[in-house]
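Okay everyone, thanks for coming.

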Amino acid sequence: MKVVKINTDKYPKLASQYDIQSLPTSILCIEGEQASRIKGVMQTPKLIEYLKKFL
């Protein structure tokens with residue numbers, strides 16, 4: 001798994017491409033396709049449990 005942080009002010013076209021309208025937004029892509037989207041903050045233990053189903 002690779003985690004990438006994008007500065008939406010610096011890369012507005014990328015933010016538009018992924019339809020990011022609020023921050024933080026986390027997008028999980030599998031083989032280049034969006035598999036999940038999380039809007040807002042999620043605490044680490046809950047995030048880990050959520051992501052386990054994709055591993």
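Let's start with Glu 49, which is exposed at 51% relative accessibility. For that word, over 50% relative accessible area is exposed, under 20% is buried, and in between is partly exposed, with a 1.4 Å probe and protein chains only. Lys 52, at 47%, counts as partly exposed.

Before I go on: this is a predicted model, where local features need pLDDT of at least 70 and side-chain atom pairs count only at pLDDT 80 or more, while totals for chains, interfaces and linings use all residues. Residues are numbered from 1 along each chain as its sequence is written, and side-chain values use heavy atoms, with hydrogens and water left out.

So what does Glu 49 form with Lys 52? A salt bridge, with the closest N and O atoms 3.0 Å apart. The rule asks for a side-chain nitrogen of Lys or Arg within 4 Å of a carboxyl oxygen of Asp or Glu, and by that rule the count comes to one salt bridge. Both residues sit in helix H2, residues 44–52, three residues apart, about one turn of the helix. Helices (H or I, at least four residues) and strands (E, at least two) are DSSP runs, numbered from the N terminus.

On to the strands. S1 (residues 25–30) and S2 (residues 33–39) pair in the antiparallel sense over six bridges; pairing takes at least two DSSP bridges between two strands. Thr 25 has Lys 39 in S2 as its bridge partner, and Cys 29 has Gln 34. The two strands form a hairpin with two residues between them, and Glu 31 in the turn has a positive phi of about 50°.

Next, the surface. Val 4, Ile 6, Tyr 11 and Leu 14 make a nonpolar patch of about 350 Å². Patch residues have over 30% relative accessible area and no salt bridge, with nonpolar side chains (Val, Leu, Ile, Met, Phe, Trp, Tyr) joined within 5 Å and like charges within 9 Å. Areas come from the Shrake-Rupley method with a 1.4 Å probe, and for residues only the protein chains shown count as cover. Val 4 is found in the segment before helix H1 (12–17), and Val 4 is exposed, at 57% relative accessible area.

That's my tour, so let's discuss.
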